[in-house]
Amino acid sequence: MSNVIEFTNTDTNPCMQCGACCACFRVSFYQGETDITGGVVPVEMTEKVNDFIACMKGTNQKQPRCIRLQGEIGQSVACSIYAQRPSTCREFDPLLPGGEHNDACDRARAAYGLPPLIMPPYHNDHAA
C-alpha cells in the first residue's frame with residue numbers, strides 16, 4: 001500500500017476530505033477584503049493582525065484552526081463561508097501555478113498524519 005493519495009480529475013476534490021491547511025496556518029489577508037470595507041469576508045469572523053492585515057479567527061494561535069472549518073480533518077470537511085472566504089484561501093491549492101506541487105499542502109497534511117497527494121500530470125488543454 002502506498003503512502004500517498006492519488007486522484008484524477010474525476011475523483012472527489014481531495015480538499016473536501018482534508019482541511020489540514022485550515023488548521024495548520026494563520027489565514028492572513030488584507031483588511032480591505034472584509035465586508036465592513038467593501039469586501040466579502042464577514043468582519044465578525046476575523047481579528048486584526050495590524051493596521052493593514054486581518055486573519056480568520058482561530059488561526060492566529062499556537063494550534064490554529066479556522067472557526068469556519070466544519071468537520072473532521074482528513075475525513076470530511078467544509079468551509080461554512082466558502083463563497084465569502086478570503087483570497088488566501090481562494091489561492092491555496094495542492095498545485096502551484098504551472099502544475100508544480102505545493103509543499104505547504106504536504107506540510108499541513110503531514111501535521112495531521114495524512115500522506116501527501118499525488119497530483120495528476122499537469123495538462124494545458126488550451127495550448128496551441
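Biologist: Is Cys79 buried, partly exposed or exposed, and how do I read that?

Modeller: Buried means under 20% relative accessible area, exposed means over 50%, and partly exposed is in between, with a 1.4 Å probe and protein chains only. Cys79 has a relative accessible area of 30%, so Cys79 is partly exposed. This is a predicted model with residues numbered from 1 along each chain as its sequence is written, and side-chain values use heavy atoms, leaving out hydrogens and water. Local features need pLDDT of at least 70 and side-chain atom pairs count only at pLDDT 80 or more, while totals for chains, interfaces and linings use all residues.

Biologist: How many disulfides does a search of the whole structure find?

Modeller: A disulfide is a pair of cysteine sulfur atoms within 2.5 Å. The search of the whole structure finds 0. For Cys79, the nearest cysteine sulfur belongs to Cys66 and is 6.2 Å away. Cys105 is in no disulfide either; the sulfur of Cys18, the nearest to it, is 6.0 Å away. Cys105 has 9% relative accessibility, so it counts as buried.

Biologist: What is the order of the elements from the N terminus on?

Modeller: Helices (H or I, at least four residues) and strands (E, at least two) are DSSP runs, numbered from the N terminus. Here you will find 2 helices and 7 strands, in the order β-β-β-β-β-β-α-α-β.

Biologist: Which way do β5 and β6 run, and how many bridges join them?

Modeller: Strands pair if DSSP finds at least two bridges between them. Strand β5 (residues 69-72) is joined to β6 by 4 bridges, and the two run antiparallel.

Biologist: Where does Ile81 lie, and which residues does Ile81 touch?

Modeller: Contact means heavy atoms within 4.5 Å. Ile81 sits in the loop between β6 (76-79) and α1 (87-91). Leaving aside residues up to four places away in sequence, Ile81 touches Pro42, Met45, Met56 and Arg68. With a relative accessible area of 5%, Ile81 is buried. Ile81 and Val41 are 40 residues apart in sequence, yet 8.1 Å apart in space, C-alpha to C-alpha.

Biologist: And Thr46: what does its side chain reach?

Modeller: A backbone oxygen, that of Val43, at 2.8 Å. Thr46 belongs to strand β3 (residues 46-48) and is buried, at 10% relative accessible area. Beyond residues up to four places away in sequence, Thr46 touches several others, among them Phe29, Val41, Ala54 and Met56.

Biologist: Zooming out, what share of the chain counts as buried?

Modeller: Of its 128 residues, 30%. Among contacts between residues at least 6 apart in sequence, 52% join residues at least 24 apart.

Biologist: What is the mean pLDDT of the chain?

Modeller: pLDDT is the predictor's confidence in each residue, from 0 to 100. The mean for the chain is 86, and 83% of its residues reach 70 or more. Over residues 1-5 the pLDDT is below 50, though this stretch has 10 contacts in the model beyond near neighbours in sequence. Where pLDDT is low, the predicted coordinates should not be read in detail.

Definitions and conventions
Polar contact = N/O pair within 3.5 Å; in protein donor to acceptor, adjacent residues only side chain to side chain.
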